[in-house]
Amino acid sequence: MQLVGQRGPLVGMGRLSLQVVESEGLRSLYLGLAPSLMRSVLYGGLRLGLYEPSKYLCELAFESTNILVKIASGAFSGAVATALTNPVEVLKVRMQMNTRSSLGPIHEMRRIASEEGVRALWKGVGPAMARAATLTASQLATYDESKQALIKYTPLEEGFHLHLISSTIAGSVSTVMTAPMDMVKTRLMLQRESNCAGLYRNGLHCAYQVLRTEGPSGLYKGGFAIFARLAPQTMITFVLCEKLRGMAGLKAI
């Protein structure tokens, strides 16, 4: 959200973290934690849980297991998961932005619905679905393909080290693919809460305005922070997912 509609040097992730802690306290780094955890359970569970059934149906329909099938399966599961859980994401970013509010998640959701209408809970759902489809497709397809390539061309076998390296590659690729969509989605969701954000009609208009006023690098604002969150999250998610699948007697992804 820095320098909306402007070009110029940005405050880095480390310096910004210190500024936030100094001005708002350590607790401010955990604003929106409750809806974030709720979203992780619902959205994370849905997008990972829908991937294998989607891939299986695509395999039956197209009689193929190539990378395009994996991308399509990931995109579908990510888009559906986001469409269902978008209100929780809106709630999370609003609570993170509105530091003066002392309301809990339920009261904040009621306030948004009463003041802006229920449709406000689905603000930014288009870019969010595009971002989730791209994220899930790039994460799962890259992870799946990386595993196969590493097993084929290296001595690595199914296990912790293979899962860790594959998930690291997947986290890096998904960050590059989704950072611009993440920024557009956040701008749209925060239009009401931020006086500095312009009035964007939709995701494409927001992306165009950013390119016009802030340059191509504007689409990657917060890119390092996204990587710092997404890379370890991807590693932890896939390592745990593979472990749980093994415990449940299911084959690896």
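Let me begin with a definition: the bend at a residue is the angle between two axes, one fitted to the seven residues ending there and the other to the seven starting there. Helices here are DSSP runs of H or I with at least four residues, numbered from the N terminus.

The structure shown above is a predicted model, in which local features need pLDDT of at least 70 and side-chain atom pairs count only at pLDDT 80 or more, while totals for chains, interfaces and linings use all residues. Residues are numbered from 1 along each chain as its sequence is written, and side-chain values use heavy atoms, with hydrogens and water left out.

I turn now to helix α6, residues 160–189. Where is the kink in α6? A kink of about 50° lies at T178, shortly before the proline P180. The expected span of a helix is 1.5 Å times one less than its number of residues. For the 30 residues of α6, a straight helix would reach 44 Å, but the end C-alpha atoms of α6 are only 38 Å apart. After α1 comes G25, whose phi is positive, near 90°.

Next, the packing of helices. Two packed helices are described by the angle between their axes and the distance between the axes. An axis is a line fitted to C-alpha atoms, for helices over the stretch in contact, and the angle runs from 0 to 180 degrees between N-to-C directions. The axes of α6 and α7, the latter being residues 203–214, come within 10 Å and cross at roughly 105°. The two helices are therefore roughly perpendicular to each other, a term that covers angles of 65 to 115 degrees. On the α6 side, the contact (heavy atoms within 4.5 Å) is made by M183, V184, R187 and L188. On the α7 side, the residues are G203, C206, A207, V210 and E214.

Leaving aside neighbours within four places in sequence, S166 is in contact with Y143, S146, K147 and L150. L204, in helix α7, counts as exposed (over 50%) at 73% relative accessibility. L204 and P127 are 77 residues apart in sequence, yet 8.5 Å apart in space, C-alpha to C-alpha. E157, in the loop between α5 and α6, is exposed as well, with a relative accessible area of 64%.

Technical notes
Angles under 35 degrees count as roughly parallel, over 145 as roughly antiparallel, 65 to 115 as roughly perpendicular and the rest as oblique. Buried means under 20% relative accessible area, exposed over 50%, partly exposed in between (1.4 Å probe, protein chains only).
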